[in-house]
Amino acid sequence: MIELKALTKVFRQNGQETEALRNVSLHVPRGQIFGILGQSGAGKSTLIRCVNLLERPTSGEVWVDGREITRLSPAELRAARQEMGMIFQQFNLFDSRTVAGNVAYPLEVAGWDRSRIASRVAELLELVGLSDKAHAYPAQLSGGQKQRVGIARALAPGPKLLLSDEATSALDPDTTRSVLALLREINRKLGLTILLITHQMEVVKQVCDSVAILEGGRLVEQGGVLELIGRPGSRLRQLFYEPFRDTAFHLHPGGVLAALFFVGDSADEPLISSVVRQFQVDANIVQGAVERIAGTTVGRLLVEFTGRPDDIQAALEYLARRGVSPEVIERG
Amino acid sequence: MIELKALTKVFRQNGQETEALRNVSLHVPRGQIFGILGQSGAGKSTLIRCVNLLERPTSGEVWVDGREITRLSPAELRAARQEMGMIFQQFNLFDSRTVAGNVAYPLEVAGWDRSRIASRVAELLELVGLSDKAHAYPAQLSGGQKQRVGIARALAPGPKLLLSDEATSALDPDTTRSVLALLREINRKLGLTILLITHQMEVVKQVCDSVAILEGGRLVEQGGVLELIGRPGSRLRQLFYEPFRDTAFHLHPGGVLAALFFVGDSADEPLISSVVRQFQVDANIVQGAVERIAGTTVGRLLVEFTGRPDDIQAALEYLARRGVSPEVIERG
Amino acid sequence: MVDLWSMILTATIETLYMTGVAAAFTLLFGLPLGVLLVITDRGGIWEAPLLNRTLGVLVNIGRSTPFVILMVAVSPLTRLLIGRSIGTTAAIVPLVVAAVPFMARVVEQALHEVGSGLIEAALAMGSSNWQVVTKVLLPEALPSLVRGTALMLVNLVGYSAMAGAIGGGGLGDVAVKWGYNRYQLDVMYVSLVVLVVMVQVMQWIGDSLANRFTHK
Amino acid sequence: MVDLWSMILTATIETLYMTGVAAAFTLLFGLPLGVLLVITDRGGIWEAPLLNRTLGVLVNIGRSTPFVILMVAVSPLTRLLIGRSIGTTAAIVPLVVAAVPFMARVVEQALHEVGSGLIEAALAMGSSNWQVVTKVLLPEALPSLVRGTALMLVNLVGYSAMAGAIGGGGLGDVAVKWGYNRYQLDVMYVSLVVLVVMVQVMQWIGDSLANRFTHK
Amino acid sequence: GGAKQSAGKAEQVTLKVGASVTPHAEILKSIQEAAAAEGIKLEIVEFTDYVQPNIALAEGDLDANYFQHLPYLTNFAEERKLDLVSVGPVHLEPLGFYSSKLSSIDQLADGATVSIPDDPTNAGRALKLLADQGLITLKEGVGVKATPNDIVDNPKKLDIEMLQAEYLPRSLEDVDAAVINTNYYLDAAKNLGVKANVLARESAEDNPFANIVAVRKGDENRPEIQKLMSLLRSEAVAKFINETYDGAVIPAF
Ligand SMILES: Nc1ncnc2c1ncn2[C@@H]1O[C@H](COP(=O)(O)OP(=O)(O)OP(=O)(O)O)[C@@H](O)[C@H]1O
Ligand SMILES: Nc1ncnc2c1ncn2[C@@H]1O[C@H](COP(=O)(O)OP(=O)(O)OP(=O)(O)O)[C@@H](O)[C@H]1O
Ligand SMILES: [Mg+2]
Ligand SMILES: [Mg+2]
């Protein structure tokens, strides 16, 4: 669906140059939910804005749906853009239009007729929970309400591609979950491709198939979410899990503190239990989580093993054989 | 530090009335980091804006630092506001001022002299990692960079009270962590009281002492973070933990799926381990987390127990005695 | 003094007629001209430096030519359109010609204040330039445009006083011809008071509408 | 034709002098007046309905009085300030009196566009009204104010043509006196061309400065 | 004020005289050298309107002005309670009745449009000219103050339109006939190529509308004013006027 080839974007202002993107190549397959991650200022918004040419790349190519977007005629570009929804980081709602008017905008642009617009707008406001605010103006909305209007507006015309710049940053966890469920559903049912920027790992866990990570304008990592999380030392794993070190945990004498990581199958077996039973060791979960990521169970636990050193060693080896790859952090 | 008494705020516009706050009474002790949670549109921003009188309450009283803020003279109000920093949900940076100029603004207002301003601004930009953007204008910044300027601006004059409306929503996890660490540090060292709105449970976990939860303009819950999380059925607990139900987990025949919840002490013992060893049951952690919340270890795990029904029952009773309060979700 | 009041009444109607019709045509031409100045400018949605430069010069010519000269300069046009170059109706043509460049600048100023984020949002949704103008630029700038229209309308009232030179009539002309030239101070004061009231009403309507249209 | 060029030169200097000095004074009075209109308005940072209403009416009186009458009306003031009521310097007084109300409205329009969020931010930081005005309202509206100043400056050039009535001189006066009154088209065209160039330069400077000050 | 009573005869005295651009200022310029020779520095201030010069004179900004006729001065001084007096007429600018469509007054159809100047005295003079031609009848004794409101009989139902004097030649295309100051007509004919027939002319004999020099009361006998007047009413000036203005201006002394 989207193919970026050696994309570079340099901002020049007041004699200063900022290289927001540097030689970024990226492929987003059709029907995927693709996350863009990276620190503040890494170039995420710039990248997404290059896809619909709000920002003209300094060099490189942007292919969307088989066409090089920088080479389209103005009319072709407009048509292409009508098939891409965009949710803006700063919302960019039209102050002079009501909530309903904002959502109606892309439909008017696409030439829908009045009655279809009205029913579609009502449907979308229902979906984002803003039916009662249909006639309010953006200035009368809370931050999250504005963001939901932005979401409804982007989804209204039923785009093939959704570009989302932190669509849930201003939403509470409940609302976030329901918005993400909505996106997942549209993605599954209608094959909507979604390119989304987010800082919320929850979002990545719940909806992303693949991610790309930017750092200082460069692409430093790209791949399936599970694949990257499963790879020791990957940036995604670093982003997902804060280092365990800030625990104020005191090891028992002879105890061994080990980080366990397991994906899928191994998570479905009573691993800790087996170890305790088979090797005469005690295992105390100090920190960590077992959670659903991209539809699969992924566990990462910090466990203190106590018992005889030999037994502990044997237990760790057993775990390693079971694909858990324990990493000893500290020995008491 | 802050005492809200029966605060009510009604917006009237175009003949429509919105009751943004209804009879909210709240006490924020000096030196606390106090979180305000609630769904989008619950009235959080309105509440925080009443504290520095950006929004004049329809009724009720707002006491800050021992004074009823609605009864201050304009000059007193100005002086009071100079001691409150505010971070805005929409940033509200001055477009005509550079990053450094924005951070300098409150210092100019407070009448600092030029050289002190310059060094203080440099210090703050260093803290939020924007030293290289000192001379950029807000329009040239990324979303997260703007937010960090807002943070620096609010902290610049060394306020006694910080009002923060989603100060980290646009920040990546790393930057969020460092900003939160910064706030914690100022809070500890200088006794800064912080009233913060957030949707990020990470923020609550890492820095909040107490929270209040709003729902449709009403205060529905208030208390210490640990206390509320420890209370079964509390809203905070609901916010923290998504329901376990969306797992695609198939119970073994005879297996029992139970949710365990433990705080502090019980978390430091090898509970699972003991159970497995003592009761001849196997325990498989299906989902859940053991994490540091407000400086204490809090665990919530979904565990499948397999074994003889009697043993499982005994194990659950043992756990209950150890303060873990297991809740059986499903029996296979 | 029956004369005074019937004279004032006639003059009031003439002023309303001249400025009203002139204002309508000024909006008709000035609005598109101002829009063109903005969208053809560097960084605009329809960059066209040559057109922009040309329109800019034309507007400046209109703005810098003294009104009396403008009246003479457009008289052939007036004759073509109205059939004669003198009288109240004829005065409308130079009034429009004088007010259009002013209006264009006012529109330009108003549209420049529309946030670039909104224009981007409109473009991202595949809007045509025409849609950006009619659905975003103009509606978003509406309060400012209304204030600008009030500014233009009051300027027209001012110009219309000078249109007395070509028999335009109106309150300003009465104030000048009878009050100023013939020292009939009562006529002058009465017509000035009516003028001030008229301007006050225009300004008040402009302000109210602008506030009504402000949703920020 | 030596006369023509020296006449044009003198007139150019007179126009620059009149409009330059008048513009300076217009800014001096018009800026505060416009600021007052905005901050004393309903919802402003220094609500004062009575003062607001009064200033509004005064501005409207200034805006609705025909310039020729204004010139006579202010002549006692002119004499008080300048010592005489005729001549180029004396013409500056009615020019300022005519341009101040216009400028006030332009300033009003510009300041209305400053986002309420920014004013709130300034107030939340404990700014005094004076600080809000000088550190937020005016700097944030600067591009729009600069465009408005260009608008006012060009309007002044237009008014200055009428100041010929009181011996003000200047290019507009020359164009009117020779071209309009005496039908000498060559003088008229030359002075108009110089006028257009002058206005073009003013507009160009205004636009450049406005763009330079735009950081949005 | 610039009025200085000079002590020594050798000293130069400055006379500030307000004047309309043509022909007044030009006539003044023609005697500037001769005046200098007599120790008078003649400073000419040009005006385009008819109100300010009198006010400036009364206020002492000018020593004399030269732009108006006696009825205008009398009327003005009376209305504004100013102490201004005439020190004598210099020239007359006659009005003419012109048409680019008709060749004689008889051809004026019923309901024809006639434009006349809008300033007070020229309007009065124009109406008197029309009355003298028997086209209209004016109210008894209105004199120079006549306005179209003072027409008591208008048998041809002429539509009388008051326009700025300078615009009148340009209005010939729009009206059937116009009363125009001859000097304006001649200028326009020369520079704009306007062509029209003279249907009638204001008579030069005994015309009260000769342009005079006015001073503040009490200054009539100031020697430099006397000198100025004798220079203005000289043969040289008469010759200058006749040669320069081609009938649009005629000497009135
Ligand atoms: N100026 C206003 N006029 C009318 N209604 C308003 C105004 N400001 C806020 N509201 C309404 O008041 C309610 C509370 O708004 P508020 O901004 O306090 O919500 P919030 O809790 O901050 O939400 P969010 O998390 O989405 O920012 C909302 O329903 C909102 O629409
Ligand atoms: N118009 C501009 N002019 C100059 N520099 C710019 C401009 N827009 C962005 N930048 C710079 O380019 C870099 C990348 O910006 P971008 O907005 O893409 O970051 P981001 O990854 O979206 O960050 P965030 O998560 O904070 O929104 C930043 O350093 C920013 O300061
Ligand atoms: Mg961004
Ligand atoms: Mg909010």
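Across the interface of chain E and chain C in this predicted model, seven residue pairs are found in polar contact, with both residues at pLDDT 80 or more. A polar contact here is a pair of N or O atoms within 3.5 Å; within protein, one must be able to donate a hydrogen and the other to accept it, and residues adjacent in sequence count only if both atoms are side-chain atoms. Helix 4 (70–80), helix 5 (120–132), strand 9 (159–163) and helix 6 (168–171) of chain E each bring at least two residues to the side that touches chain C, and helix 4 gives the most, with five residues. Helices (H or I, at least four residues) and strands (E, at least two) are DSSP runs, numbered from the N terminus. By class, this side of chain E holds nine nonpolar, six polar and nine charged residues, where Ala, Val, Leu, Ile, Met, Phe, Trp, Tyr, Cys and Pro count as nonpolar, Asp, Glu, Lys and Arg as charged, and the others, Gly among them, as polar.

The rule also finds three salt bridges across this interface, each a side-chain nitrogen of Lys or Arg within 4 Å of a carboxyl oxygen of Asp or Glu. In one of them, E:Glu173 pairs with C:Arg79 at 3.2 Å, N to O. In total, 24 residues of chain E are in contact (heavy atoms within 4.5 Å) with 19 residues of chain C. About 1900 Å² is buried between the two chains, 53% of it on carbon and sulfur atoms; buried area is the accessible area (1.4 Å probe) that two parts lose on being put together, summed over both.

Turning to chain C itself, ten helices and zero strands are assigned. Its C-alpha trace spans about 65 × 40 × 25 Å along the principal axes. Among contacts in chain C with a separation of 6 or more, 72% come from residues 24 or more positions apart.

Back in chain E, helix 7 (residues 182–192) has as its buried residues E:Thr182, E:Asn183, E:Tyr184, E:Tyr185, E:Asp187 and E:Ala188. Their cover includes helix 9 (171–181) of chain D, along with helix 1 (21–30) and strand 5 (95–99) of chain E. After helix 7 comes E:Gly193, with a positive phi near 75°.

Residues are numbered from 1 along each chain as its sequence is written, and chains are lettered from A and ligands numbered from 1 in the order in which they are written. Local features need pLDDT of at least 70, side-chain atom pairs count only at pLDDT 80 or more, and totals for chains, interfaces and linings use all residues, while side-chain values use heavy atoms, with hydrogens and water left out.

Terms used: Buried means under 20% relative accessible area, exposed over 50%, partly exposed in between (1.4 Å probe, protein chains only).
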